[in-house]
Amino acid sequence: MLVKTASLISSALTLGAVGYAIGLPASRYFEGNVRMRLLISPAIGLGIFGAAGASIFHLLPFTVSNLLATTIFLSVAAVGLSKAACPIFSSPVSPSFSWIAVASVFGLLPMLTVIPQYYGAGASVGAPIFDHAKIAIIDEIAQNGLPPYNPYYSEAQGSNILIYYYIWYFLAASSSIITGAGGWEADIALTAVTALSSIFVVTWLAVAQSKRSDAAWWVLPLLLVGPLSRILLFISEKSDDWIVAMGHPRTWFAEAAWSPQHLFSATIVLIVITAYMRVLFCNIRNNIALSVLMGAMLATAYGSSMWAGGLSPLLVLPVIGLLSTPHILRAKRTMQVVTSIFVIAAVTVLCAGVLAYEQAAILETRTPVEFWIFPVFAGGKWFIDLPGFWLIRIIFDFGILFLSFVVWRAESSYPLQKDNGNLAPAVMSTVLVPFACVQFVHSVVMYNDLALHVAMPSTLLMMVITATVLSRHMGEKTKLGRLVTVAVVILLTPSILVGARDLYAYAFRFRVEGPETEETKAFRASSEMWKAVRRVTPPNDAVANNPLDLAELTFSPANISWAIMSQRRNCATSLQHLRAFAGQLSPEQASDIDGFFTDVFHGNITEARLKVMKEKYRCKTLVVTVRDGLWGKPLLDHNSVFQLVSEEKGKWRIYR
């Protein structure tokens, strides 16, 4: 077996224990209902622990004893800060135990997309494994501590510190060093914990706001909502002639499967925004203590996603504050609010400052974002794309979610507005501002991942609104009730079918359909090769293997066997990851380095090239398989740079 079930379970339980130890006392600020507190505590606890713990471990060795001591310290701090907590909500109802059981099954679905699938003698993984190639970061942190060395690229000149938001991976590494699980196993476990935590937080807000327990059941089908634009492409192959197939904001399942770190970040942002409304509108003495917890969570959100947890709240929170200014002035609470915001900012900088400093290095070689107008129509003009983004793109991508938001805004009797009018600016800003960012800004580091992730807080909040709207109006014998019922049939049902199709493709297709190929058989057998590599390669040494190894297993070459199984650094992995993680390189330099290593493994080697690999790129171990053009080259057995140290006849050789 490529992963061990016991390691998955122990890792998930470890993460849950850390989340509850810190989050349960802190949850007193958010909810008075004990059952609801039990649902949201893991997200709150991991949100507090993430960036705060990572900052501590920049100063302390990353060991089991220090990790336990840090958890205890933060738990005690959470207890102290929450002694006089007054909850934001005291929900009169809560989800049933049967709902919790069903929701837990839904929470495990994203995990199924990144666990190994077997067919005959072969093995493969769902398409989302491409984005989980960041498992290498988990292994790097678990074995070598913080700050993390770049596991995707090394060179003799330079700091080689990883330039990436790695807090989510730090959380996975924390479970890894306690349980002994590998990075792949820890990643799978945290993917499941992230999905469950996100479901529970969305459900908490939906039930707390609607005061209806059936809102919890409406959350579940919304998890599988997919973009209606996919149906358009299925119906008409010529749709590309008039609408641009451009990266766009993801729905819940796609994000949970492909990029759980961004989903985790968006979930924390939603909690922070909820607390932010308390700071702005409630005159309560313990707002300063709450602000400390908010700052720690905001730092973790940023440290897990520069887009969902960095740029999104950076845009949304000031807008909410600005719209709330008249109320603050009338209540004569300006100094109290300013003090709370200062505390939030100070704690955020304290916990995330070192990470921001590390990431700032990318600005030396490239500009991460550029302005544009999101292209909607093929060959369209900007003045057509401007309204088209809201009238076509958003509707096709989010369907029932965005329509429910419109219904909420238009329905004057809806409880969110009638009973909690102060929430209106927060809801409007959280939904609309990130979408506006997608329309006018795009990222250029590798692809437009800003569009994929920055609006994830918007998506989660629209799920909250949709669940409350459906629980209130579905089946009502009114015009609005009939409209909601028709929308469920026309928009929600086909959207769920899109999500269900993705679930099958990612989690079950290979198990059912195969096929068994030489690459899938090699992937299944490669774990033994990487065990041999680890026996001869220290954790702080880098290996070199073919950047195009097993390229057909992922939609784009990702050197996936190395990334998820090796538990060792690579001196120059696939081009996609060089561009994404080697921030010190320009795109042209990354292409040149990739070309060099690809050419070497095609068989074009000299002793001088081998010296460049070992001395310039710090390749201490060379891994060659029978699939490589380098296999069998006489120079490998007769050179002064690398010597054969291990092999399996006819399959692979390891040189040092």
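Q: Which helix does F435 lie in?
A: F435 is part of helix 18, residues 423-440. Keep in mind that this is a predicted model.

Q: Is F435 buried or exposed?
A: Buried. F435 has 0% relative accessibility, and the cut-off for buried is under 20%.

Q: What does F435 touch?
A: Leaving out residues up to four places away in sequence, F435 touches P249, F389, W390, I394, F398, A455, S458 and M462.

Q: And how far is F435 from I199?
A: Their C-alpha atoms are separated by 22 Å. Along the chain, F435 and I199 are 236 residues apart.

Q: New topic. How many residues are in the largest nonpolar core?
A: That core has 196 residues. F30, W184, W252 and F523 have the most contacts inside it.

Q: Which helix gives the most to this core?
A: Helix 7, residues 183-210, with 17 residues.

Q: Which domains does the core draw on?
A: Domain 1 (5-507) and domain 2 (520-655). Each gives at least three residues.

Q: Back to F523. What does F523 touch?
A: L2, A123, S124, V125, W184, L550, L553, I560, S561, I564 and M565. Again, residues up to four places away in sequence are not counted.

Q: What about a second core? Which residues does that include?
A: F597, F601, L610 and Y655 are among them. This second core is separate and has 26 residues.

Q: Let's do helix pairs. How do you describe two packed helices?
A: You give the angle between their axes and the distance between the axes.

Q: OK, what are those values for helix 12 and helix 14?
A: The axes of helix 12 (residues 287-304) and helix 14 (residues 334-359) come within 7 Å. They cross at roughly 25°. That makes the two helices roughly parallel, because the cut-off for that label is under 35 degrees.

Q: Is that crossing left-handed or right-handed?
A: Right-handed, for helix 12 and helix 14.

Q: Which residues meet there?
A: On the helix 12 side they include I288, V292, L298 and Y302. On the helix 14 side they include V343, V347, C351 and L355.

Q: How about helix 7 and helix 20? What's their angle?
A: About 45°, with the axes 9 Å apart. Helix 20 covers residues 456-473. At that angle helix 7 is oblique to helix 20. Their crossing is right-handed.

Q: Which residues make the contact?
A: Helix 7 uses S198, V202, L205, A206 and S210. Helix 20 uses L460, M463, V464, A467, T468 and S471.

Q: And helix 6 with helix 11, parallel or perpendicular?
A: Roughly perpendicular. Helix 6 (residues 167-179) and helix 11 (residues 260-281) cross at roughly 105°. Their axes come within 9 Å. W168, Y169 and L171 of helix 6 contact P260, Q261 and F264 of helix 11.

Q: What about G514 to P515?
A: That peptide bond is cis too, with omega near 5°. P515 is in the loop between helix 22 (509-513) and helix 23 (518-536).

Q: What's the phi of K332?
A: Phi is positive, about 55°, although K332 is not a glycine. K332 is in the loop between helix 13 (307-330) and helix 14. With 76% relative accessibility, K332 counts as exposed.

Q: Last one, R618. What's its phi?
A: Near 60°, again positive in a residue other than glycine. R618 lies in the loop between helix 27 (607-616) and strand 7 (619-625). R618 counts as partly exposed, at 29% relative accessibility.

How values were computed:
Residues are numbered from 1 along each chain as its sequence is written. This is a predicted model: local features need pLDDT of at least 70, side-chain atom pairs count only at pLDDT 80 or more; totals for chains, interfaces and linings use all residues. Side-chain values use heavy atoms; hydrogens and water are left out. A nonpolar core is a set of buried Ala, Val, Leu, Ile, Met, Phe, Trp, Tyr and Cys residues joined through side-chain atoms within 4.5 Å. Buried means under 20% relative accessible area, exposed over 50%, partly exposed in between (1.4 Å probe, protein chains only). Helices (H or I, at least four residues) and strands (E, at least two) are DSSP runs, numbered from the N terminus. Domain bounds come from an automatic or database domain assignment. Contact means heavy atoms within 4.5 Å. Axes are lines fitted to C-alpha atoms, for helices over the stretch in contact, and angles run from 0 to 180 degrees between N-to-C directions. Angles under 35 degrees count as roughly parallel, over 145 as roughly antiparallel, 65 to 115 as roughly perpendicular and the rest as oblique. A crossing is left-handed if the near helix is turned anticlockwise from the far one by less than a right angle, and right-handed if clockwise.
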